[in-house]
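Biologist: Please take me through the surroundings of the ligand up close. Once that is clear, I would like to see a few spots elsewhere in the chain.

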Amino acid sequence: MNIPESSLPRVVIIGGGFAGISMAKQLANKSIQVVLLDKHNYHTFQPLLYQVSTAGLEPDSIAYPLRKIIKKHKHSFFRLAEVTQIDATNNVVETNIGNLSYDYLVIATGTKTNYFGNSTIEANSMPMKKIPQALNIRSLILQNLEKATIASSEETRKALLNFVIVGGGPTGVELAGAIAELKKHIVPRDYPDLDAETMQIHLIESHSRVLPPMSEHASKKAKEFLNRLGVHVHCNTIVKDYNGNLVRTNSELQLHSKTFIWAAGVTGAPVHGLQADALMQRSNRYKVNHYNQVESYNNIFALGDIAAMSTDAYPNGHPQVAQPAIQQGMLLGKNIRCLINGKPLKPFKYKDKGSMATIGRNKAVVDLHRFKFAGFFAWFVWMFVHLMALVGFRNRVVVFFNWSYNYINFDKAARLIIRPFKKEG
Ligand SMILES: Cc1cc2nc3c(=O)[nH]c(=O)nc-3n(C[C@H](O)[C@H](O)[C@H](O)COP(=O)(O)OP(=O)(O)OC[C@H]3O[C@@H](n4cnc5c(N)ncnc54)[C@H](O)[C@@H]3O)c2cc1C
């Protein structure tokens with residue numbers, strides 16, 4: 001891997017997501033050798049993936065080069081590598097580019113899409129966890145609109161114009177809102193030969209309300225906003241199957257659709273090698289103590305989405321959102337230094353900064369502890385928070401410019417089929 005041997009303790013971090021980079025920043029310029037490994041050479045700002053999927057933003061504006069993040073950090077290295085195995089007995093990680101020994105290992109590999117064991121759905125649906133997947137969705141939406149203009153039968157046209165999103169969490173709600181905005185502002189202008197009204201957006205959620213992790217107020221408002229945008233919301237409905245054409249559910253609802261987006265859940269993305277009882281069976285997350293130390297291991301830690309730290313407030317682990325990942329990364333950066341210097345460690349305490357979701361232009365819902373609000377001000381707060389949270393000044397400027405341009409012109413600049421989407425197999 002061409003990492004120099006040194007007398008400094010070596011911390012290997014697997015994953016350059018929110019948790020991994022927050023920890024790497026804490027260890028910058030300290031007397032510690034840091035090796036950051038990721039299978040991508042960029043950090044992905046997942047909260048805005050849905051805007052890439054719906055042609056609102058170019059992918060580059062939500063990605064940031066990992067090498068650039070650590071370039072000024074003394075003793076820090078990045079390697080583009082997929083970690084395939086952990087050999088905890090010999091303190092070595094095995095990757096597709098070679099093996100590397102560590103003194104301390106930090107696993108921050110996040111999650112992957114959960115299909116709940118349904119292989120037909122896995123084979124036919126569109127997931128949205130990574131930038132290439134978001135680009136696939138963008139291409140598919142635009143290709144299906146193109147195909148709809150030349151469809152030979154009403155039945156085919158209807159299936160091409162039926163957009164089905166499964167999962168009424170923030171991702172599904174935001175995606176449904178953004179596709180509804182496409183229908184309202186872009187389709188009538190770009191596709192005058194299509195009747196925009198035949199385009200239908202369906203959001204399917206198994207719970208009794210959308211945004212189940214948020215307040216009742218947020219759910220009610222979000223549903224109201226979605227209805228106003230013409231989105232069909234189906235709660236208490238479980239998708240049973242999708243064969244590439246027909247969506248079957250546990251109710252009478254059946255939909256013919258060529259665009260089926262799966263945003264129904266995630267499961268941990270652990271690395272092979274640790275003993276089986278280090279993992280929580282249900283969620284595939286590593287069981288960690290209050291210092292993010294993986295159960296039964298002294299020098300292996302897990303952070304963010306992949307870590308399940310059981311507390312009184314969160315018995316099954318913290319919510320799988322950016323803030324716990326960032327806060328755990330920051331604290332572990334400090335704690336590792338304490339550990340190396342023989343000082344006592346500080347236990348993790350999560351500071352919940354609230355949650356929010358946007359549902360198209362001028363509309364969002366925000367839960368800030370006792371304060372719950374919705375509408376234009378919430379949308380403004382949502383934009384500000386997301387803009388500030390983006391990694392990189394250039395990205396903030398580009399996104400701000402795009403949003404302003406889109407807002408003034410009711411436009412979405414990136415509706416391009418650069419790489420046509422074709423389902424494999
Ligand atoms: C579509 C979507 C929308 C979201 N919206 C919001 C939101 O609005 N607000 C919010 O707070 N949270 C949101 N989240 C959740 C949030 O993005 C996650 O909680 C957060 O990214 C977790 O950070 P992490 O560092 O644990 O993992 P991640 O950010 O997922 O990073 C994991 C990293 O590990 C790398 N990796 C994985 N396995 C390996 C391996 N074997 N070898 C090498 N590298 C590996 C990956 O490439 C990735 O870079 C959203 C998530 C998604 C998918």
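Modeller: Let's begin with how residues are sorted: Ala, Val, Leu, Ile, Met, Phe, Trp, Tyr, Cys and Pro count as nonpolar, Asp, Glu, Lys and Arg as charged, and the others, Gly among them, as polar. By that sorting, the shell around the ligand holds 11 nonpolar, 11 polar and five charged residues. This is a predicted model, where local features need pLDDT of at least 70, side-chain atom pairs need 80 or more, and totals for chains, interfaces and linings use all residues. Numbering starts from 1 along each chain as its sequence is written, and side-chain values use heavy atoms, without hydrogens or water.

The ligand is surrounded by 27 residues (a residue is near when one of its heavy atoms lies within 4 Å). A19, D38, V83, D305 and A322 are the closest. Now look for polar contacts (pairs of N or O atoms within 3.5 Å). At A19, a backbone N or O atom sits 2.9 Å from a ligand oxygen. K39 brings a polar backbone atom to 3.3 Å from a ligand nitrogen. With H40, the side chain takes part: one of its N or O atoms is 3.1 Å from an oxygen of the ligand. On its own the ligand would expose 1,000 Å², and the protein buries 88% of that (areas by the Shrake-Rupley method, 1.4 Å probe). Two or more residues of the shell come from each of α1 (18–26) and α9 (322–340); helices are DSSP runs (H or I) of at least four residues and strands (E) of at least two, numbered from the N terminus.

Next, follow helix α7, residues 170–190. From first C-alpha to last, its 21 residues reach 28 Å, close to the 30 Å expected (1.5 Å times one less than the number of residues). A kink of about 40° is centred on K183 (the angle between axes fitted to the seven residues ending there and the seven starting there). Because 15 of the 21 residues are buried, α7 is largely enclosed by the rest of the structure (buried is under 20% relative accessible area, exposed over 50%, partly exposed in between; 1.4 Å probe, protein chains only).

G392, between α10 (376–389) and α11 (393–409), counts as buried at 13% relative accessibility. Its C-alpha is 9.2 Å from that of I62, although the two are 330 residues apart along the chain. N284, between β20 (279–280) and β21 (285–288), is partly exposed at 24%, with a positive phi near 60° in a residue other than glycine. H369, between β25 (364–368) and β26 (371–374), also has a positive phi, about 55°, without being a glycine, and at 52% H369 counts as exposed.

Technical notes: Polar contact = N/O pair within 3.5 Å; in protein donor to acceptor, adjacent residues only side chain to side chain.
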